[in-house]
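Please look over the sequence and the structure shown here before reading on.

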Amino acid sequence: MSKSVEKTLIDRRSIRRYERDAISNDDMQFIYDAIRNTPTSYNGQQYSVIDIDDPVLKEQIYEITGQKQIKTCNHFLVFLADYNKIQIIGKAKGIDKIPFAGTVDGLIVGIIDASLAMMSALVAAESRGLGTCCIGYTRTASPAKLNELLRLPQGVAIVCGLAIGIPREIPDLKPKQPQSLIIHHNLYRRDDMLRELVEYDREITIYNETRSGNKSDNDWAKHIISYYTEGENYHMGNALQKQSFLTHD
Ligand SMILES: Cc1cc2nc3c(=O)[nH]c(=O)nc-3n(C[C@H](O)[C@H](O)[C@H](O)COP(=O)(O)O)c2cc1C
C-alpha cells in the first residue's frame, strides 16, 4: 500500500527507532528502482549506493560513527559520488584519465547526483510506510576507516548514509523556517529578515523544550553554529584528495 505523494512529503520526519522486522523484498526493489531513475548530471550517473544489511558490518559502522540508527535499522544505504565506473569504461575506450573527476565541479556533480538518489530512496521508502534517517556522520566521522571498510576504489567518496526500517516511533513534526524565509520570489530577498529569524529561533527552541521524546534546551541558532565549528575540524579536503577528488580547480 502506498501513501499519497502529498502525505509522503508533508508528513515526513526523521525516524531513529525501528522495529526488528525485515523490510519486504518488494519494498526494497521499489526503492532500488526509484534510485535508478534519479535524474543525474549529463545522465552520467556519477553515483552508486551500497546497501548494507549485514549486522556485523552495520555494527562496525555504528562503532565508527556513533549513530545507533545504523545498527538498529534494517537496511543502511550508503550513497557515494562515483567516477570509478566511468573511469573503467573510459579506459576500455582508450581514455586513460578523466580530469573532471578531480575538479571542484566534478565533486559537486557527484554530490548532487548521490544526494538526489538519496532523496529518491527516502521518498520511495516513506511512501511505503517505512521510516528513514539520513546519517551525515557516515561522511565525516572517519573517512579513511570507512573507505577502507567498504573497499572504496579511487574516484569514489561517501556522500551520506540513509537508515531505513519499520518505524518504532512517530516523533512530532519539527517546525521549519516559514515560507517567507525559504522561498524568495524572482530575486533574493534583501529586506531585513532578522525579525522572522528570531521568531523561528524562538519557535524551534520551544519545540525542542516541549517535544515528545528527547527534549533539549539548546538555542537553535547557537546549536547550528556549534555544529559548523565542529565541522571546521573535519578536514574533508584531505580525505577527498586521498580518493582522487579535489586534485585541481
Ligand atoms: C545530509 C543530512 C545529514 C544528516 N545527518 C544526521 C545524522 O548523522 N544523525 C542524525 O540523527 N540525523 C541526521 N540528519 C537528520 C536531521 O537531523 C533532520 O533531517 C533534521 O533535524 C530535521 O528533522 P526532520 O528530518 O525530522 O524534519 C541528517 C539530515 C541530512 C539531510
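## The sheet

Two strands are said to pair if DSSP finds at least two bridges between them, while helices (H or I, at least four residues) and strands (E, at least two) are DSSP runs, numbered from the N terminus. This is a predicted model, in which local features need pLDDT of at least 70 and side-chain atom pairs count only at pLDDT 80 or more, whereas totals for chains, interfaces and linings use all residues. Residues are numbered from 1 along each chain as its sequence is written.

Four strands form an open sheet in the order E1-E2-E4-E3, and their pairing is antiparallel. Its edge strands are E1 (47–52) and E3, each of which pairs on one side only. Strand E2 (residues 75–82) and strand E4 (residues 156–165) run antiparallel and are joined by eight bridges; within this pairing, His75 has Ile164 in E4 as its bridge partner.

## The whole chain

The protein chain holds twelve helices and four strands. Along its principal axes, the C-alpha trace spans about 60 × 50 × 35 Å.

Buried residues (20 or more other C-beta atoms within 10 Å of their own, with C-beta atoms placed from the backbone) make up 29% of the 249 residues in the protein chain.

Key:
A residue is buried if 20 or more other C-beta atoms lie within 10 Å of its own, exposed if 12 or fewer, and partly exposed in between; C-beta atoms are placed from the backbone.
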